[in-house]
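I opened the notebook to record what I looked up, entry by entry. The sequence and structure come first.

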Amino acid sequence: MTNYIRSTMFALVSSTVLSSGALAQEMGTSSATGQANPAKAKVEARPSMLGATSPTDEQVEVTAHTYGDGVTRRALGGGLMVNQDAPKSISEVTRDFIAKQNPGQNPMQLIALLPGANVSDTDPLGMTGGHISVRGLTESQMGFTLEGFPINDIGNFAVYPQEIVDSENLQSIRLAQGSADLDSPHISASGGVVDMYMIDPKKQMGGKIDMSYGSFNATRGFARFDTGYIGHTNLRAYFSYSQGRQDHWRGPGYENKKHGEMKIVNDWGQGNRISLAVVGNSLQNDAYPSVTKASWNQWGYGFDNPVGSSGLAKTDAPNTVYERHFVRGDNNYYKLHPNPFTNIYASMPSTFTLTDHLTLTETPYFWYGYGNGGGAYATSLTGYQYGAHKIGGTIGGLSSGSPLLYNPSLTETYRPGATTKLTWSYGPNRLMIGYWFEYSKQRQTGPYAQVGPDGTPLDVWGGGPNLVLNNGVTAQYRNTTTQTEVHTPFIGDSLSLLHDRLTIDAGLKYSIVTRRGTNYLPDVSQKYVNTDYAKALPTAAVRYKINNENQVFVSVATNYRMPTNYALYDSGAYNVVTGYSTKASPNQQPEVSISEEAGWRYQGSLISSSLTYFHYNFTDRLFTQTLVDPISGAYWTSNANGGGEHSDGFDFEIGTRPFHNIRPYVSAEYLHAVTDSNLQSSSGKIVDYLPTKGKIAPQAPPWQVGFGLDYDDGHRFGSFNLKYVAKQYSTFMNDQKIPGYTRMNIAVGYRFSDFGLMKSPSIRLNLQNITDSKNLTWINSVQTNATAMKGINGNLISAKAPTYSIGIPFSALATFSSDF
């Protein structure tokens with residue numbers, strides 16, 4: 001008992017204090033949320049590859065002081081690092097870091113400093129999304145979960161980080177760079193996974209508010225109410241709402257986001273717990289235009305604004321996408337590219353202790369989404385047709401000519417599912433058996449609709465007057481229904497030897513996926529599409545603790561990514577010779593990766609570090625290409641097998657506990673990713689192969705370095721963040737690239753003493769991109785070659801221009817926040 005008191009007092013008053021993880025370990029607890037729990041769980045907490053740690057796997061109890069919003073001032077590297085014991089690479093950010101950042105940032109932005117996380121963003125508040133690649137694999141090749149349920153789109157596996165969760169309710173984000181766990185509910189994770197967890201409701205009634213204002217007329221407000229324990233039960237909950245708005249920093253347009261969340265928790269006995277998390281999101285935003293390298297070199301951030309004071313276009317013709325973004329009557333006019341959508345996520349991760357040795361974990365979930373990405377096309381009313389069906393009516397009083405029509409890409413998704421697992425622990429052995437089931441229905445349409453005289457769509461959802469074919473059916477770019485059924489049993493065993501110094505894991509999951517699709521467009525190659533996939537995915541890992549500070553591990557895992565659902569269907573414009581401009585490719589095989597890791601960790605009293613070597617081997621890389629008819633010269637898009645790829649590299653991170661209230665953090669990654677196959681390309685009627693074998697893979701920067709420096713004395717706090725990303729090729733032939741760039745952010749703030757109802761009130765200023773560096777940060781469309789060149793068979797292959805996103809400029813956001 002004396003040692004317990006002494007260690008607790010030391011954590012509270014020393015300038016070199018224990019991390020939250022180390023303090024929790026001494027207390028026999030976890031400090032993930034900074035909140036107490038009435039009953040500590042009696043569950044096995046042994047690290048392994050068998051399953052992702054979740055709020056249901058360990059209970060939370062912290063008696064040490066926190067500084068509002070879960071900040072402990074003790075977390076490693078200012079909250080950018082957590083001591084890990086799993087036998088594979090994992091990095092994690094916690095409340096100590098999250099609570100000091102721009103409160104509007106989305107989860108991708110919050111993990112940008114972790115090893116290998118190549119993150120791009122297009123606006124300061126994260127409302128237009130963003131992208132991430134890890135070890136050269138993009139977010140559509142990774143798995144994302146919140147509270148145990150999958151976030152990736154079930155059709156194309158895209159991730160929309162602006163939808164997921166408010167940062168004020170975000171407990172932690174874990175990035176497993178190399179592989180998914182056995183119980184990860186994903187069919188798209190040929191790379192790593194990102195697991196996000198929300199904070200638990202407080203034990204006592206209270207809440208939190210914050211208000212922000214900043215650059216580009218950015219405003220944001222957040223409020224959360226915690227019920228505390230309800231009556232004489234262990235039931236508690238919180239409800240929160242946020243709303244934010246900002247103008248575009250580049251060109252016309254704005255974003256407006258409304259977001260609500262709730263979480264209910266009930267825990268009792270020895271490790272029994274039921275929780276319910278619900279997230280609702282509604283966002284209206286306008287798309288930022290992509291740029292080519294030529295337009296970026298000419299215009300940079302700026303616009304040659306062709307819009308007069310009346311809002312009408314000047315007589316001079318717009319020559320770039322920049323200019324055309326302003327012009328009414330042009331298909332690039334920004335009001336023809338809205339992106340409205342609504343999402344509702346619900347998950348109920350729950351744990352039940354059945355016996356002293358047997359635990360049941362159940363995570364049912366439901367995912368609903370409805371939204372679109374707008375577009376516009378000039379369509380010939382007399383020459384346009386779908387199969388044998390020509391346009392048979394008028395739109396806007398026109399029956400001829402080529403009027404500009406609005407063409408949104410609408411998607412509605414229903415996605416229920418559940419993951420069930422039983423964990424049996426006896427002595428040194430832990431056996432897990434589980435099953436993941438999901439059934440989803442996705443309806444995707446693209447109607448052609450009328451544009452009003454002011455240049456805007458009459459209905460952003462594509463309703464109202466539509467273009468009609470002579471068979472009475474609305475003309476559409478696509479018109480499909482996809483039903484996806486997933487059955488994934490898994491089993492794994494973990495053996496602990498030598499007093500837990502040695503752990504040996506082995507597991508297998510068998511993924512069975514069935515897709516049933518219907519294409520309602522006329523005269524398609526396949527109206528009904530049935531595909532079945534089955535893939536065995538074994539894993540194995542060993543971890544050995546040399547002593548209390550040093551441990552080593554090795555692991556091997558098999559992961560895969562399904563073909564996207566749009567590969568199943570013909571769609572797009574119709575040509576009488578070649579058919580639809582996008583052709584179905586339903587016989588694709590899944591993309592498969594085999595990853596190996598070997599790592600070393602040092603976890604001392606002041607410094608913790610991790611070094612991991614990794615190797616990947618990919619087969620059947622999924623690739624989109626353009627093919628050409630050798631007779632007519634007409635072209636179409638198809639999804640194809642892009643062959644193989646391999647990569648090698650290492651990840652490194654190091655962080656300290658507080659030393660005179662200062663906590664530095666450094667991360668680095670070296671990556672050597674190589675394409676192993678020659679890819680097909682085309683020019684006019686010529687089809688050939690380009691010598692891409694041996695070239696560096698696109699979107700795979702060879703070096704990344706992250707640096708964070710945190711200062712916090714309880715009242716005054718501040719942080720400095722730096723991220724360097726080396727050059728990235730945007731073509732498989734390595735003939736165009738994004739130059740390397742560096743971004744730096746600063747946060748400064750002050751916490752006041754409690755005042756009346758306000759607990760730990762604070763003000764802070766977040767400055768992003770403080771040097772106002774102007775950079776391309778993401779490759780939106782990777783191409784085979786950006787300059788004309790000869791193929792392997794001697795044919796000239798024409799150039800194809802990749803497109804890019806531009807990183808945000810300097811921005812500032814001031815925030816007042818307080819608990820109550």
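Is arginine 245 buried, partly exposed or exposed? I looked it up: arginine 245 is partly exposed, with a relative accessible area of 32%. Buried here means under 20% relative accessible area, exposed means over 50%, and partly exposed lies in between, with a 1.4 Å probe and protein chains only.

Ground rules next. This is a predicted model, in which local features need pLDDT of at least 70 and side-chain atom pairs count only at pLDDT 80 or more, while totals for chains, interfaces and linings use all residues. Residues are numbered from 1 along each chain as its sequence is written, and side-chain values use heavy atoms, with hydrogens and water left out.

**Entry: salt bridges**

I stayed with arginine 245. Its side chain meets that of aspartate 247 in a salt bridge, 2.8 Å from N to O. A salt bridge is a side-chain nitrogen of Lys or Arg within 4 Å of a carboxyl oxygen of Asp or Glu. Aspartate 247 is partly exposed, at 23% relative accessibility.

I then searched the whole structure and found 28 salt bridges. One of them joins arginine 135 to glutamate 597, with the closest N and O atoms 2.9 Å apart. Arginine 135 sits in the loop between strand S3 (131–134) and strand S4 (137–138), and glutamate 597 in strand S30 (residues 591–603), so this pair ties together parts 462 residues apart in sequence. Helices (H or I, at least four residues) and strands (E, at least two) are DSSP runs, numbered from the N terminus. I checked burial for both partners. Arginine 135 is buried at 2% relative accessibility, and glutamate 597 is buried at 5%.

Next I looked up aspartate 819. It forms a salt bridge with lysine 202, at 3.7 Å from N to O. This pair links distant parts of the chain, 617 residues apart. Aspartate 819 belongs to strand S48 (residues 811–819), and lysine 202 to the loop between strand S8 (193–198) and strand S9 (206–214). Aspartate 819 is buried, with a relative accessible area of 9%. Lysine 202 also counts as buried, at 18%.

Which residues are linked in a network of salt bridges? I noted Arg73, Asp96, Lys100, Arg663, Asp710, Asp712 and Arg751.

**Entry: cavities**

I searched the whole structure again and found 12 cavities of 30 Å³ or more. A cavity is a set of points, on a 1 Å grid over the protein atoms alone, where a 1.4 Å probe fits but cannot get out; lining residues have an atom within 4 Å of a point. Grid points are joined across faces, edges and corners, and a volume is the space filled by probe spheres set on the points.

The largest cavity has a volume of about 450 Å³. It is lined by 32 residues, and the closest to its centre are Gln109, Ala112, Asp121, Arg743 and Asn745. Which element gives the most to this lining? It is S39, with six residues. Elements that each supply at least two residues include helix H4 (107–110), strand S2 (117–120) and strand S42 (741–751). By type, I listed 14 nonpolar, 15 polar and three charged residues. Here Ala, Val, Leu, Ile, Met, Phe, Trp, Tyr, Cys and Pro count as nonpolar, Asp, Glu, Lys and Arg as charged, and the others, Gly among them, as polar.

**Entry: single residues**

I looked up threonine 514 in strand S25 (residues 502–519). Threonine 514 is buried, at 18% relative accessibility. Its side chain makes a polar contact with the side chain of aspartate 532, at 3.0 Å. A polar contact is a pair of N or O atoms within 3.5 Å; within protein, one must be able to donate a hydrogen and the other to accept it, and residues adjacent in sequence count only if both atoms are side-chain atoms.

Serine 595 is in strand S30. Serine 595 is buried, at 3% relative accessibility. Phenylalanine 614 is 19 residues from serine 595 in sequence, and 7.1 Å away in space, C-alpha to C-alpha.

Last, I checked backbone angles. Asparagine 734 is not a glycine, yet has a positive phi of about 60°. Asparagine 734 lies in the loop between strand S40 (728–729) and strand S41 (737–738). Asparagine 769 has a positive phi of about 50°, and is not a glycine either. Asparagine 769 is buried, at 1% relative accessibility.

Methods: On a 1 Å grid over the protein atoms alone, a cavity is a set of points where a 1.4 Å probe fits but cannot get out, and a pocket is an open set with protein on both sides within 12 Å along at least five of seven lines; lining residues have an atom within 4 Å of a point.
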